[in-house]
Amino acid sequence: MIDLYEGILTTRAIRRYTDEPVTVEEIRKCLRAAQQAPSGGNSQPWQYLVITDPDVKRKVAEIYRRSYRRWETAQLASLPEFRTDADREAFMRSLRSSRYLAEHLDEAAALVAFLVPDVDLAPSDADGRVDIGPIYASVYPAVQNFCLAARALGIGTVLTTVYWSEMDQLRRVLDVPERYVIAALVPMGRPRGAFGVAPRRPAETVTHWNRFGNREP
Ligand SMILES: Cc1cc2nc3c(=O)[nH]c(=O)nc-3n(C[C@H](O)[C@H](O)[C@H](O)COP(=O)(O)O)c2cc1C
């Protein structure tokens, strides 16, 4: 097993997979790690739907591709201003990688859907609803735990949500009841490339101490 900190730093979006299998045992190990994630009031609101059947994967891939193409067309038509050419190139590289995944999603060894009920867990008092934040805050830690555990096993993953515009279709193909939202779809497989530390802006540039705007600890 790799060191936890190194595992965190080298967990990044992996979208190209070899055709080596991922075993049910390995998937269960990742789910076990996901299960250990924190959630509001320990509500553990998520369920998993693991897709390994090639026919189901193909159907999901078709829906994913459709939503991806729509997103890409819209996104390319309204690109943000890039500060530098390097920023633009980094964005385009990420887009090409995302496009590759959209064209090859069914090649992932497994697709894992994270389901959350579309409910409001906030209680009410005499003054009304006592907001505790969105339910999604209680599922993405589980998704990240899953991805980190996969990394520990040498398995690549990427959190995706681009299918959201086709949520109804996706639910239908997977027999997911309407009360659930598919909060993430995580393809997994043995990476074709190597794991590595992805570029990010330095933490200091986005850190404030004690008061917003104060950069010194
Ligand atoms: C909320 C969220 C949604 C994402 N949706 C998608 C997606 O639909 N398709 C995709 O290919 N990548 C998706 N990603 C992956 C991001 O593009 C990726 O994490 C980011 O570009 C950083 O990649 P890196 O760690 O390899 O640098 C998503 C990531 C997050 C956190």
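Reader: How do α3 and α4 pass each other?

Author: In this predicted model, α3 passes α4 in a left-handed crossing. The two helices pack at an angle of about 160°, and their axes are 9 Å apart.

Reader: What makes α3 roughly antiparallel to α4?

Author: The angle between α3 and α4 is about 160°. Angles over 145 degrees count as roughly antiparallel. Therefore α3 is described as roughly antiparallel to α4.

Reader: Which residues form the contact of α2 with α5, and how many of them are charged?

Author: Ile-27, Cys-30, Leu-31, Ala-33 and Ala-34 in α2 meet Ala-142, Asn-145, Phe-146, Ala-149 and Ala-150 in α5. By class there are nine nonpolar residues and one polar residue, and no charged residues.

Reader: How many residues has the largest nonpolar core, and which have the most contacts inside it?

Author: The largest nonpolar core has 53 residues. Those with the most contacts inside it are Tyr-64, Phe-114, Phe-146, Leu-185 and Met-188. At least two residues of this core come from each of α2 (24–35), β1 (47–51), α3 (54–77), α4 (85–104), β2 (110–117), α5 (140–152), α6 (167–173) and β6 (180–189). The largest share, eight residues, is supplied by β6. As a general matter, nonpolar side chains in soluble globular proteins tend to be buried together.

Reader: What does Leu-185 touch?

Author: Setting aside residues up to four places away in sequence, Leu-185 touches Ile-51, Val-60, Tyr-64, Leu-105, Leu-111, Val-112, Ala-113, Val-158, Leu-159, Thr-160 and Tyr-163.

Reader: How do you know whether Ile-182 is buried or exposed?

Author: Ile-182 is found in strand β6. Its relative accessible area is 0%, and buried means under 20%; therefore Ile-182 is buried. Not counting residues up to four places away in sequence, Ile-182 touches Ala-113, Phe-114, Leu-115, Tyr-163, Trp-164, Met-167, Leu-170, Arg-171 and Leu-174.

Reader: Why is Pro-191 called buried?

Author: Pro-191 lies in the segment after β6. With a relative accessible area of 15%, Pro-191 falls under the 20% cut-off, so Pro-191 counts as buried. Leaving aside neighbours within four places in sequence, Pro-191 is in contact with Ile-14, Arg-16, Thr-18, Gly-154, Ile-155 and Gly-156.

Reader: What makes Arg-12 partly exposed?

Author: Arg-12 is located in the loop between α1 (4–9) and α2. Its relative accessibility is 35%. Buried means under 20% and exposed over 50%, with partly exposed in between, so Arg-12 counts as partly exposed. Beyond its neighbours within four places in sequence, Arg-12 is in contact with Thr-157, Gly-196, Ala-198 and Pro-199. The C-alpha atoms of Arg-12 and Phe-195 are separated by 7.3 Å, although these residues are 183 residues apart along the chain.

Reader: Why do Asp-175 and Asn-210 count as exposed?

Author: Exposed means over 50%. Asp-175 has 67% relative accessibility and therefore counts as exposed. Asn-210, at 70% relative accessibility, counts as exposed by that cut-off.

Reader: Where are Asp-175 and Asn-210 found, and what phi does Asp-175 or Asn-210 have?

Author: Asp-175 is in the loop between α6 and β6, and Asn-210 is in the segment after β6. Asp-175 has a positive phi of about 60° although it is not a glycine. Asn-210, which is not a glycine, has a positive phi of about 70°.

Note on methods:
Residues numbered from 1 in each chain as written. Predicted model: local features only at pLDDT ≥ 70, side-chain atom pairs only at ≥ 80, totals over all residues. Heavy atoms only, no water. Core = buried A, V, L, I, M, F, W, Y, C linked by side-chain atoms within 4.5 Å. Buried < 20%, exposed > 50% of the residue type's maximum accessible area, 1.4 Å probe, protein only. Helix = DSSP H or I, 4+ residues; strand = E, 2+ residues; numbered from the N terminus. Contact = heavy atoms within 4.5 Å. Axes fitted to C-alpha atoms, helices over the stretch in contact; angles between N-to-C directions. Parallel < 35°, antiparallel > 145°, perpendicular 65-115°, else oblique. Left-handed = near helix turned anticlockwise from the far one by under 90°. Nonpolar A, V, L, I, M, F, W, Y, C, P; charged D, E, K, R; others polar.
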